[in-house]
Amino acid sequence: MEEPKPATDEPKYRIRALHTDRTVTVYQAYRPEIGLPAAREGRFPAAWKRDRMTWIKPSFLWMMYRSGWGTKEGQETVLAVEISREGFEWALRKACLSHYERGFHPDQASWKRQLREAPTRVQWDPERDPRLQALPYRSLQLGLSGEATRRYADEWTVSVTDVTPLAHRVRDLVRTGGPDAARRLLPREEPYPEPAGLLDHLRVGTP
């Protein structure tokens, strides 16, 4: 069956995520030695490096694209990490774009200074469909470092769930039952109710 075309009115830059009135779910993938204890304890273990940059992704299918459905080396355990919306929005307000955009940033030197000083950074990559093909609109990736990494692990995290079995079920359905059957298992990601101005410094051009 042919993959349905995405809605043409979907904004290029928008956060789509599974969220409640207090939390938002993001995805990461780790080797089992990190991922399994994190899911079992509901928090990241001491072996998880709090002094390194880590990237979180609100899009389940982009995580599937990045991790090869949880099969790439070092990404065999896919985690759904529920974090506070307060922390998520703090990270977005503190973020800068991960790449220089002429006409959006005053100049390359000021962008480099922002990148060096900001505890978080954002990049927008093509969203993916169930076959992991690129869509014409973008998915947010949020990189955390320094203070943001520590807050994420020790303050913002509400729950950690191993969703590797879900990743494998969705993959198998895409291959055997088609994208429509697989789509019914996907997390319900809806537009995030962002406060006014939250992403103005992170959207290039007109949203």
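Predicted model: local features only at pLDDT ≥ 70, side-chain atom pairs only at ≥ 80, totals over all residues.
Okay, let me start with a term: when I say polar contact, I mean a pair of N or O atoms within 3.5 Å, where one must be able to donate a hydrogen and the other to accept it.

We've got 7 helices and 9 strands. The radius of gyration comes out at 17 Å, close to the 17 Å from the globule rule for 207 residues, so this protein is as compact as a globular protein of that length. The C-alpha trace spans about 50 × 45 × 35 Å along the principal axes. Out of the 207 residues, 49% count as buried. If you take contacts between residues at least 6 apart in sequence, 77% of them join residues at least 24 apart.

On charge, there are 34 positive side chains and 29 negative ones, and the centres of those two sets sit 3 Å apart.

Now the arginine, R16. You'll find R16 in strand β1, which covers residues 16-17. Is R16 buried or exposed? R16 is buried, because its relative accessible area is 12% and the cut-off for buried is under 20%.

What does the R16 side chain pair with? There's a polar contact of 2.6 Å between the side chains of R16 and E10. A polar atom of the R16 side chain also lies 3.4 Å from the backbone oxygen of R14. Leaving out residues up to four places away in sequence, R16 touches a set of residues including P58, E127, Y137, E189 and E190. E10 turns up among those neighbours too.

Technical notes
Residues numbered from 1 in each chain as written. Heavy atoms only, no water. Helix = DSSP H or I, 4+ residues; strand = E, 2+ residues; numbered from the N terminus. Rg over C-alpha atoms; globule rule 2.2 N^0.38 Å. Buried < 20%, exposed > 50% of the residue type's maximum accessible area, 1.4 Å probe, protein only. Contact = heavy atoms within 4.5 Å. Lys, Arg positive; Asp, Glu negative; His and termini not counted. Charge placed at Lys NZ, Arg CZ, Asp CG, Glu CD.
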